[in-house]
Amino acid sequence: QVQLVESGGGSVQAGGSLRLSCAASGYTYSRYCMGWFRQAPGKEREGVASIYTHQGSTNYADSVKGRFTVSQDTDKNIVYLQMNSLKPEDTAMYYCAADLSGFPCPSVFPLSRFGYWGQGTQVTVSS
């Protein structure tokens, strides 16, 4: 049973940093796409970043480029999202999601590609 568990959310002031973790278990695939998404109240869920575990290639939404970094620890099966220079508009519930098709991550973030989701972790940035 595939399970994704996020952690690391919290409340910070603008300009601060947080590191989110997504611990994956229940599968043995070595090639998959892990995405980070977020959803603010009243807004649609949007893609933030993704990493293709086989090559380590990454994609970012324009709104977070230069501030967020996605990385992985393949030994521990954990994907991280380092968030720096946080802004109030980054406030949202953050989710990790896995696409186990084996294909590289797309440059955009189609929700339909990601069949497995974590429960989310809240990030709140105050001004």
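Let's start at M34: setting aside neighbours within four places in sequence, M34 is in contact (heavy atoms within 4.5 Å) with L4, C22, A24, Y27, A49, S50, I51, V79, A97, A98, C105 and F114. Keep in mind that this is a predicted model, where local features need pLDDT of at least 70, side-chain atom pairs count only at pLDDT 80 or more, and totals for chains, interfaces and linings use all residues. Residues are numbered from 1 along each chain as its sequence is written, and side-chain values use heavy atoms, leaving out hydrogens and water.

M34 also belongs to the largest nonpolar core, which has 37 residues; M34, W36, L81, M83 and Y94 touch the most other members. Such a core is a set of buried Ala, Val, Leu, Ile, Met, Phe, Trp, Tyr and Cys residues joined through side-chain atoms within 4.5 Å. Buried means under 20% relative accessible area, exposed over 50%, and partly exposed in between, with a 1.4 Å probe and protein chains only. Strand β9 gives the most to this core, five residues; strands are DSSP runs (E, at least two residues), numbered from the N terminus.

Now for the two disulfides, each a pair of cysteine sulfur atoms within 2.5 Å. One joins C22 to C96; C22 lies in β3 and C96 in β9, so the pair ties together parts 74 residues apart in sequence. The other is formed by C33 and C105, with C33 in β4 and C105 in the loop between β9 and β10. C33 is buried at 0% relative accessibility, and C105 is buried at 12%.

How values were computed: Helix = DSSP H or I, 4+ residues; strand = E, 2+ residues; numbered from the N terminus.
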